[in-house]
Amino acid sequence: MMGVVDKIKELDGAKITIQRENRIFVDVDKDRVIGTLYSLKLMGFHQLSVQNVVDRIKDGKFEIFYVLYSHEYKINVIVRTWVDRDNPVIETADKIYPSAHTWEREISEMFGIKVEGNEDCGKPFILENWKDIPPMRKDFDSVKYSSEHFVFRHSEGENE
Amino acid sequence: MNKSYELFIGPNHPGIPGNFSLKIELEGDTVVSAKGDPGYLHRAFEKAMEGRYYIQNLALIPRICVPEPDINEAAYAMAVEDLMGVEIPERAKYIRTIVLELARVANYTMWLGGLAGTLGLYTLAQWSIGDRDYALDLFSDICGARVYHMYIWPGGVRRDLTPGWEDSVLSYIRYLKNRLIDYDNIFLKNVMFKYRTKGIAVVTKEQAIEWGATGPILKAAGVAQDVRKDDPYAAYEYLDFEIPTLTDGDSWSRAMIRRWELENSLNMIEQAIKKMPKKGPVCAKMPNPLKGYVPEGETYAKVESARGEHGFYMVSDGTGKPYRVAVRGASHTHMFTIAEKVLVGQRLADVSHTLVSLDICPPEIDR
Amino acid sequence: MVKMILIAIGAPLVAFAIGLSFMMIKRKIVARIQRRYGPTIIQPIYDVLKLLVKEDNISHGVIFSLGPIIAIAGSILAVFFIPMAGFSMLTGSGDLIALLYIMAIGSLGMALGAGDSANPNASIGISRALTLMFGYDLPLVIIVISVALQYHTTNLSDIVAAQANGNWTLWTLPLSAIVGFVVTYGALGEHPFDIVTAPHEVATGPMVEYGGKHLGFLMISHAFHIYIEIALFVDLFLGGASNILIFYLKMFAVFFIMIMFDEVLPRFKIDDAVRFYWKWPTVVALISLIIVLVK
Amino acid sequence: MNIKEYEKGSFLKPLASVKYLFKKPHTVRYPQEEKPVADRYRGLHINDLDKCIGCGNCRDICPCAAISMEDPSNVRPIDINKKGANPVRPKVDYGRCSFCALCVEMCPTGSLKMSKDLIYTSPDADAFAWIPREEQGREPGFVQDNEITPLMLEAEEMEELEPDVRKKSFEEMILGFSEEQARREAMRCLGCGICMQGCPAHMKIPEYIQAIFDGDNEKSVKYMLEDNVLPGICGRICTHRCQDDCVYQYRGDPIHIMWLKRFATDQLEDYKSVNIEKMPSTGKRVAVIGGGPSGLSAAYHLTTMGHSVTIYEQRSRAGGALATGIPLYRLPIYELDKEIGNIESMGVEIKLNTKIGEDVKFEDLLNEYDAVYLAIGLSYGRSINLKGEEHPNVVQAIDFLRQVKIEGRRDITKHVIVIGGGNVAMDVARTVARLQEINYGSKDTTVETVSLEDWDIMPASQEEIDGALEEGVIFNPAWGPNQVILDENGNIKGLEVKKVKHVFDENHRFNPAFYEDQKKIIYGDYIVESVGQMYNFSFIPEEMLNKLEFTPRRKVWVDEYGETSIPGVFAGGDIVETSRGDAISAIANGHRAAIGIDRYLHGKK
Amino acid sequence: MERMTEEQVKTIANMLRKRSLWMIHYCTGCGAMELPPTMTSRYDMERFGLAPYVTSRQADILLITGYLNVKTLRRVITVYEQMLDPKYVIGFGSCALNGGVYWDSYAVIKQLDRYIPADLYIAGCMPRPEAIISAFRHLMELIDSGKADGYKRYKRNLAYYKENQRKVLG
């Protein structure tokens with residue numbers, strides 16, 4: 001068990017935070033993500049549970065995280081990386097984790113992040129005819145959008 | 001003349017489990033490509049959660065997965081508790097376990113009916129959904145609603161059990177165990193069932209691991225992975241249960257795994273009721289929800305749903321509202337990574353049955 | 001002459017009534033097996049009448065609308081060929097063969113109409129229907145031949161007459177009777193042979209674009225269909241009947257057993273169904289034929 | 001589970017299911033048959049409109065924005081003058097409601113419930129919003145539970161000195177919140193603002209509590225100073241009517257609003273960092289007679305409005321009753337200095353030791369200044385014409401307290417009787433207890449109170465009574481003083497009292513009656529009378545005093561801006577206040593008068 | 001035989017319609033979760049002649065089971081227009097009325113009756129089977145009395161509905 005944690009600690013250019021016995025955060029540079037994911041997969045982290053984005057609007061960054069799991073060691077490794085909000089481009093991980101393909105489609109639609117190497121990104125996925133800024137970004141105001149596009153009902157009467 | 005032609009299954013189609021669309025390309029009767037089209041149930045949960053207090057999200061989270069809402073509540077509560085460092089009372093752990101397992105039972109019973117429905121055996125669908133209804137009434141007794149329980153919340157559970165509820169559960173379990181014999185007779189031991197499901201939609205062990213499968217798909221392929229065992233939450237560490245595995249990875253094996261787990265769940269509820277402390281608090285003291293804040297941090301809480309690993313990745317910025325909640329539904333991977341590949345080469349008649357066999361839950365994908 | 005006209009009007013009505021009554025009873029029985037009460041007994045009548053009063057505002061063309069009409073017409077024609085409680089309208093040598101042809105008209109009518117609706121589900125459904133027909137027709141033809149050979153006639157009335165005094169074909173040719181039962185299943189599209197309409201697969205197949213009056217006609221045609229298939233079976237294997245009540249009871253017995261199987265079996269895939277028909281029923285039918293020939 | 005059994009597959013086993021053809025279905029034939037609804041069912045709401053206080057917590061917690069607060073008068077009249085309540089009631093839009101019942105959990109009064117009824121259909125989309133009420137006849141289902149609730153019902157424990165420790169000195173007995181405690185207590189606040197109605201000064205309580213919760217004490221104090229110029233003092237001695245209105249009272253402990261206020265002010269050395277904005281000078285001059293809370297309040301607010309203000313105070317220390325009446329263990333001198341220092345730093349001039357009528361003529365003030373504010377307070381004790389009260393050892397409470405607090409008196413006799421049951425009587429009794437402890441170590445000493453009122457109607461606050469009891473004060477409730485009994489040496493031997501029949505007559509007017517035959521003697525050698533105070537208008541010339549109108553209860557009549565019947569003369573403080581006459585009321589009507597004077601000076605009258 | 005008046009024909013037609021209501025098997029939202037129990041053995045709505053049917057052509061009732069996503073709305077409108085007259089719409093639960101718990105969501109429409117006419121609404125989130133059955137019985141009454149005329153309104157105010165639809169669908 002300890003062996004794999006030591007191996008994770010030796011990953012190049014990664015900042016390791018051990019939050020719990022079975023939950024490890026690995027922070028890496030944007031350029032190293034794919035390499036790190038590949039090394040982790042070789043170590044036995046076969047399952048990509050979730051890949052998604054946190055919009056750190058104050059820092060002007062998107063935080064992209066990959067939650068990995070190993071059937072062997074029963075450990076969750078969470079790989080995090082940051083990209084610029086103004087020019088958000090990441091490299092696809094679907095060659096390493098096939099399930100990343102769809103997660104990337106989702107984040108590219110919901111956050112407007114460009115995923116290089118994933119040909120499906122940019123095609124409409126969940127949304128249809130979306131014209132506003134990507135909705136999951138922090139600067140998108142959902143309440144404002146819905147009050148502009150839809151009409152709320154104001155029931156005046158006391159009708160029961 | 002074009003050899004292949006396209007067919008939309010869904011969103012308005014009985015063969016699709018929920019409001020979801022599947023575009024398949026057929027050559028004769030054989031699928032040559034399948035593409036899922038989600039978004040019909042997209043309600044922007046993750047966005048809505050960012051605008052609400054932690055406790056207000058209680059009204060939202062059960063709606064992420066309708067057939068089995070409790071897993072969402074549990075995962076959400078666990079994420080918040082993890083960030084706050086709250087330990088929930090012992091009795092609450094057991095109550096959570098019972099509720100979660102009962103929800104699993106309800107889900108599997110309905111799932112059996114659904115699978116039978118896709119194969120044209122409506123009798124079992126009528127039976128099992130009717131029998132599931134008793135479980136919903138049991139939920140209603142303790143939390144006041146049949147479907148959206150909003151019962152598990154950060155800190156524990158919302159109310160103590162009502163007097164005599166355990167007995168009602170036990171008698172329901174006895175009833176269901178008797179009914180399972182009938183289910184087996186009409187469906188699972190039916191020669192036609194075997195005929196229709198053996199060797200269909202095979203996901204081998206290697207594929208399952210490579211594609212990131214979880215839950216029954218992985219178990220049916222021969223990997224004994226289960227969050228309840230690997231990273232025990234609620235009271236699972238005190239319970240004695242085994243993870244069933246089979247090796248074929250076909251539709252039949254998955255049905256069997258679920259049938260097996262259904263029985264396991266029933267036994268676990270019995271165990272939990274026996275072991276549960278008879279008295280004690282069921283909810284830890286929590287801060288005022290309108291002001292109460294959760295310390296800054298990030299966490300990933302996961303539970304075992306009926307479909308596989310269900311997780312909440314939660315980021316808090318130290319205010320009263322979550323900064324970001326990302327939901328991992330098992331169906332996301334199961335649909336796009338697995339079903340799209342597995343469907344290729346299937347006959348049209350098996351499409352809807354394959355989807356149900358992989359247990360695709362569209363609200364979990366769309367969120 | 002007047003009598004002939006009365007029969008011409010009456011026979012289809014009686015056939016329809018019997019078919020409809022079976023539809024009613026089926027829903028009740030099915031409901032009971034499914035542990036519920038089911039609709040009121042006359043629910044199918046409401047359904048049909050309601051469909052007929054629906055405002056039909058969509059059409060896919062003449063053939064589309066003609067489909068259900070052809071289906072009903074074919075069914076009514078077939079009714080005249082089947083001896084009902086001792087008498088039948090059109091009898092003559094070879095009516096059994098003619099009947100086999102006429103019975104296909106209903107399906108063809110539906111195929112025509114549904115094909116015109118340009119819905120892939122309908123097309124698939126129709127191709128399934130024709131394939132299935134192709135499947136069950138082979139054993140059907142074989143058993144019809146064996147029965148014809150047994151009684152040295154292709155006149156249904158004669159076949160019925162030959163079975164008088166309880167000397168039913170069921171007892172003399174049990175293997176053929178079993179195959180006949182299985183074939184009737186397929187012809188009626190009951191489980192496990194409801195491949196044509198399979199809602200989870202092709203969304204009711206040929207009927208997918210039909211609604212309102214058209215669907216009403218299709219339901220009426222289905223009522224005839226039930227009557228024809230079961231009446232044929234009763235005539236061929238259960239010795240027909242001299243009186244309408246006994247005829248009805250015999251039909252009901254057959255239908256009841258069918259429902260039992262109908263409610264507990266999942267459906268076949270279409271290729272499996274054809275394979276199935278060409279395998280066991282065909283083999284058994286052939287054995288039965290050989291037995292007849294040897295005798 | 002035996003997998004092998006399943007692998008075989010059977011053709012006949014399914015047929016076993018046909019048996020259900022002959023069994024009774026398990027269908028619930030609704031509507032002929034009905035299934036019982038769970039006791040905790042979360043259905044349509046029920047609200048007891050009389051119990052409901054319209055606080056709006058349900059609206060705030062609703063995740064669906066389904067609840068709006070509306071005036072229910074067109075569906076049912078409610079008591080709009082109900083104390084501690086808003087005249088609105090929740091209206092639920094069932095086009096929003098998600099039936100989560102968080103509103104029920106959060107309802108502070110428990111008036112809101114959910115019923116077992118959730119069957120409602122209508123073709124009219126607008127018929128799905130109404131004000132839920134009990135008359136709709138729904139059966140209660142989901143109700144709140146005090147054991148498990150998202151509300152923090154228990155207040156933070158306030159640390160105070162133990163009775164035997166605090167009796168030894170005049171040190172402040174309430175220790176104040178630690179930062180952690182204050183944040184936890186502040187966290188409890190729901191922000192409904194019902195308390196603001198209870199507060200005579202209508203302080204922005206939710207805002208300043210929120211600021212405390214956020215850790216921004218400057219902001220918090222700034223909010224306080226908007227309505228209350230003496231927040232630190234009020235944080236110690238206020239009668240905290242806000243807490244009486246706090247919505248937590250129905251299910252748990254009210255929030256310690258007063259102590260939160262004290263916490264925030266204690267964190268600041270002075271209020272300079274708060275940065276109060278001052279309006280440009282108007283050149284108008286205002287005289288304030290009396291340096292008590294009301295005068296200080298009016299002076300401060302007038303100064304911020306740009307007027308120049310002079311306070312005339314007859315004693316050597318500003319603060320009025322705060323300076324002279326409140327014992328040290330409740331209000332230390334340095335706190336008073338800090339607050340008055342703040343007021344002076346704003347530019348208020350305070351002339352101490354200046355008695356109107358003697359040092360300065362009232363008429364001169366009227367001529368010299370643009371407006372005069374009268375806030376002289378009730379600075380003279382009221383006697384009850386007790387037989388023998390002319391004895392030198394029978395003193396007035398107000399004098400006694402002043403002697404102890406300002407003049408440094410520390411001597412006391414061994415057996416003291418305090419007449420009265422109000423807060424001042426408690427202050428006297430507890431001061432005496434301390435003096436006795438200091439002088440005699442509490443050996444063979446007694447301090448007894450005599451009050452007309454019985455326990456249940458005693459005017460003193462419960463905290464004070466409890467504190468006094470802890471410090472060994474003996475109570476004689478429902479006894480009325482009859483006469484002072486002297487011994488042969490002319491020293492006081494005791495007080496003869498008679499049993500009270502009733503204090504108020506059937507018209508609820510103060511009209512005590514006694515059982516003349518039930519008498520007893522309370523032994524003691526020193527008597528402090530604490531039955532009320534009165535004002536003295538002798539400095540006002542006769543002809544002017546005649547013009548001054550009074551209310552039937554002998555208070556000065558003022559209009560809604562604090563102006564008396566003499567133009568340009570405003571009044572406030574205890575001479576106006578008809579209610580309990582506490583500091584916060586004085587501060588509040590000081591503020592009111594400041595606004596009135598400002599209007600007067602701008603000629604807006 | 002005397003010819004029946006138009007009124008009588010209508011009455012008989014309505015009587016038939018209310019006794020045989022076929023609902024389309026389209027789960028637009030989570031409110032559909034209580035439909036299986038209603039349809040199956042425990043509540044058995046077939047008792048009232050209600051049955052799920054597969055395609056829009058065959059069905060009489062369209063159930064908007066809860067919220068309507070904009071993407072689904074497009075399909076729902078198609079389905080509704082494909083249905084044959086007379087057709088009825090029931091809005092389930094809070095979401096169909098005023099957005100429900102998704103009132104602030106950018107993806108969910110708030111008022112069903114701006115896009116297609118609804119004949120009846122059910123309160124609840126989600127309505128329990130008893131409520132659904134009550135709603136069907138209420139709808140039957142409305143049909144009987146000829147008040148369920150949503151399809152006529154749709155025809156009459158087509159421009160209004162189309163305008164609203166265009167606004168959200170783009």
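**Close-up views of a predicted model**

View 1. Residues are numbered from 1 along each chain as its sequence is written, and chains are lettered from A and ligands numbered from 1 in the order in which they are written. Of the 295 residues in chain C, 59% are buried, a residue being buried if 20 or more other C-beta atoms, placed from the backbone, lie within 10 Å of its own.

**View 2. The side of chain B that touches chain D.** Here 37 residues of chain B are in contact with 39 residues of chain D. The elements that give two or more residues to this side of chain B are helix 4 (122-143), helix 5 (165-188), helix 6 (191-197) and helix 10 (251-275) of chain B, and helix 4 gives the most, with five residues.

**View 3. An open sheet of three strands in chain D.** The strands of this sheet in chain D stand in the order 2-3-6 with antiparallel pairing, and two strands pair if DSSP finds at least two bridges between them. Strand 2 (67-70) and strand 6 (129-130) of chain D are the edge strands, each of which pairs on one side only. Strand 3 (residues 89-93) of chain D is joined to strand 6 of chain D by two bridges, and D:V92 stands opposite D:W130 in strand 6.

**View 4. The largest nonpolar core.** A nonpolar core is a set of buried Ala, Val, Leu, Ile, Met, Phe, Trp, Tyr and Cys residues joined through C-beta atoms within 7 Å. Of the 470 residues in the largest one, D:C103, D:V288, D:Y373 and E:I90 touch the most other members. Helix 10 (residues 212-237) of chain C gives the most to this core, with 17 residues. Leaving aside neighbours within four places in sequence, D:Y373 is in contact with residues including D:V286, D:V288, D:F570 and D:I597.

Definitions and conventions: This is a predicted model: local features need pLDDT of at least 70, side-chain atom pairs count only at pLDDT 80 or more; totals for chains, interfaces and linings use all residues. Two residues are in contact if their C-beta atoms, placed from the backbone, lie within 7 Å. Helices (H or I, at least four residues) and strands (E, at least two) are DSSP runs, numbered from the N terminus. A residue is buried if 20 or more other C-beta atoms lie within 10 Å of its own, exposed if 12 or fewer, and partly exposed in between; C-beta atoms are placed from the backbone.
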